[in-house]
Amino acid sequence: MPSSHRDHGQAAEYQNQNQHHPHHYRRKLVNTHHSGNTHPLIWLAAILCTIIAIGVVIAGIVVFVGYMVIHPRIPVISVTKAHLDLLSNDYAGLLQTQLTIIVVAQNGNARAHATFSDINFNLSYQGQPIARMVAETFDVPRNSSKTLNYVVRSASIPLTPDQMEEVDESWKRDVIGFDLKGSARTRWRVGALGSVKFWSNLECELKFRPSNGSYIKHSRCTSESK
């Protein structure tokens, strides 16, 4: 009988455990099922990111194909011709000069017009300003150019003793140089890719023969884009 009582107590305890266990297991299943649901906003964000990524890829392909088809060229400005019309200095240290400078704005694009604006060049000798050369905004048709003719005449420029000596040496060597520095803003439309803008910077030394005023074209004087 005592043994039977123990068996009954163990059976009751086992039954009691079984009564609580299914309940606990069902609660875990419910929690797992709830955490597996994805919020609609997360799906929406994922879809938007995918659309944006596809759009970026397509835009890159369009730009690349457009560049290969149009093959745009940056418009440039160059000094093509020049002449030293006058060079005179006296013992008082005053310099007078006159130069003719031909600047060409070149648009090498076969499918796009180009616009040149904010054109500003400064001509100087040994740091002494001689003239400022400007031009109004103008357009250059595709695969064409526009010529700017400048005739620059300086007033009497007072020179320092060192500059006076440099002018005398220039007469002896038959070579004199003037510094030309400036820039122009270029803009052109590359098909459906939109408008492109660059600064074309020009900085070079123009050298002449004082004996006959001829321009020494030993180096290229062409703008660099920035």
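Starting at the N terminus, the elements of this protein run α-α-β-β-β-β-β-β-β-α-β-β-β-β. Keep in mind as you follow the chain that this is a predicted model. Altogether, the secondary structure comes to 3 helices and 11 strands.

Now take the protein as a whole. Of its 226 residues, 31% are buried. Among the contacts with a separation of 6 or more, 68% are made by residues 24 or more positions apart. The accessible surface comes to about 15,100 Å², and carbon and sulfur atoms account for 56% of that surface.

With that overview in place, let us turn to the aromatic rings. A pair of aromatic rings is described by the distance of the centres and the angle of the planes. The structure holds 5 aromatic pairs. One of them joins Phe 116 and Phe 138, with 5.4 Å from centre to centre and 15° between the planes. This pair counts as stacked because its planes are under 30 degrees apart. It links distant parts of the chain: Phe 116 belongs to strand 3 (residues 114-125), while Phe 138 belongs to strand 5 (residues 138-140), 22 residues apart. Phe 138 has another neighbour to look for: Lys 146 lies over the face of its ring, at 5.6 Å from the ring centre.

A second pair to find is Phe 208 with Tyr 215, which is tilted, with 5.5 Å between the centres and 45° between the planes. Phe 208 is buried at 0% relative accessibility, and Tyr 215 is buried at 15%. Both residues also take part in a cluster, in which ring pairs link Tyr 125, Phe 178, Phe 208 and Tyr 215.

The last stop is the cysteines. The structure holds 1 disulfide, and Cys 204 and Cys 221 form it, with their sulfur atoms 1.8 Å apart. Cys 204 counts as buried at 14% relative accessibility, and Cys 221 is buried at 4%. Cys 49, by contrast, counts as exposed because its relative accessibility is 52%, and exposed means over 50%.

Note on methods:
Residues are numbered from 1 along each chain as its sequence is written. This is a predicted model: local features need pLDDT of at least 70, side-chain atom pairs count only at pLDDT 80 or more; totals for chains, interfaces and linings use all residues. Side-chain values use heavy atoms; hydrogens and water are left out. Rings of Phe, Tyr and Trp (its six-membered ring) pair if their centres lie within 6.5 Å; planes under 30 degrees apart count as stacked, over 60 as edge-to-face and the rest as tilted. Helices (H or I, at least four residues) and strands (E, at least two) are DSSP runs, numbered from the N terminus. Buried means under 20% relative accessible area, exposed over 50%, partly exposed in between (1.4 Å probe, protein chains only). A charge sits over a ring if NZ of Lys or CZ of Arg is within 6 Å of the ring centre and within 35 degrees of the ring normal. Contact means heavy atoms within 4.5 Å. Accessible areas come from the Shrake-Rupley method with a 1.4 Å probe; for residues, only the protein chains shown count as cover. A disulfide is a pair of cysteine sulfur atoms within 2.5 Å.
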